[in-house]
Amino acid sequence: MHLHVADHPLVAHKLTVLRDVTTPSPIFRQLVDELVTLLAYEATRHVHVESVDIVTPVTATTGLKLADPRPLVVPILRAGLGMLDGMTRLLPTAEVGFLGMQRDEETLEAITYANRLPDDLSGRQCFLLDPMLATGGTLVAAIDFLLARGARNVTAVCLLAAPEGLAVVEQAVGDRADVSVVVAAVDERLNEKAYIVPGLGDAGDRLYGVV
């Protein structure tokens with residue numbers, strides 16, 4: 001597993017406002033959108049491309065375009081939806097799949113309740129979107145779901161990660177696939193309720209309200 005922490009003043013600034021408990025949902029959603037676009041720039045650094053011949057107003061030349069098959073962006077419902085626009089802004093030609101997962105608050109295990117993904121992901125670069133990498137259970141379950149369908153190149157884009165969760169993902173993935181995690185910051189730890197500390201609270205509730 002490869003870990004990339006986006007070290008940029010704008011990332012740190014937006015993350016600080018996201019952490020603030022007084023930041024209202026509309027501003028929170030806007031900042032998540034902006035922050036994910038910055039993280040997407042780092043997450044797509046090794047996106048597959050191929051040569052293409054074009055003609056400029058001056059002369060013929062060779063450039064690059066995204067290679068087929070197109071990348072697949074997979075937000076983990078529901079909080080991952082708040083990251084979708086920021087990711088597809090940088091990858092407008094990507095396809096979008098959906099994976100519904102939630103954490104059992106007693107066992108802390110991830111439960112899959114919905115999916116809208118291609119049956120065969122062989123050769124596809126997949127980008128998982130989930131704001132918080134806490135215990136790692138949800139992300140591991142999502143990665144396993146993609147690997148079971150043939151994916152071998154998976155990048156997870158998260159706002160925050162806990163060291164404990166990163167360790168769980170690294171151990172679970174092993175050498176089965178090329179997996180990367182791109183985050184805005186790695187926080188201190190998990191508390192007794194498996195929330196990231198200092199964190200920013202429940203990302204889904206702050207994006208959409210308590211349902």
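Start by selecting Lys-14 and Glu-34, whose side chains form a salt bridge with an N to O distance of 2.7 Å (a salt bridge is a side-chain nitrogen of Lys or Arg within 4 Å of a carboxyl oxygen of Asp or Glu). This pair links distant parts of the chain, 20 residues apart: Lys-14 sits in helix H1 (residues 9-19) and Glu-34 in helix H2 (residues 25-43). Helices (H or I, at least four residues) and strands (E, at least two) are DSSP runs, numbered from the N terminus.

Before you move on, a word on the model: it is predicted, so local features need pLDDT of at least 70 and side-chain atom pairs count only at pLDDT 80 or more, while totals for chains, interfaces and linings use all residues. Residues are numbered from 1 along each chain as its sequence is written, and side-chain values use heavy atoms, with hydrogens and water left out.

Now colour by accessibility. Lys-14 counts as buried because its relative accessibility is 14%, whereas Glu-34 is partly exposed at 27% (buried means under 20% relative accessible area, exposed over 50%, partly exposed in between, with a 1.4 Å probe and protein chains only).

Next, show H1 and H2 as cartoons. Their axes are 10 Å apart and they pack at an angle of about 155 degrees (axes are lines fitted to C-alpha atoms, for helices over the stretch in contact, and angles run from 0 to 180 degrees between N-to-C directions). H1 and H2 are therefore roughly antiparallel, the term for angles over 145 degrees.

Select Glu-42 and Arg-45 for another salt bridge, with the closest N and O atoms 3.0 Å apart. Glu-42 is partly exposed, at 21% relative accessibility.

Then go to Glu-95 and Arg-124, whose side chains meet in a salt bridge at 2.8 Å, N to O. Glu-95 lies in strand S5 (residues 95-96) and Arg-124 in the loop between strand S7 (110-116) and strand S8 (125-129), so the pair ties together parts 29 residues apart in sequence. How many salt bridges does a search of the whole structure find? The count is 10.

For the last stop, select Val-186, in strand S11 (residues 178-186). Val-186 is partly exposed, at 33% relative accessibility.

Technical notes. Parallel < 35°, antiparallel > 145°, perpendicular 65-115°, else oblique.
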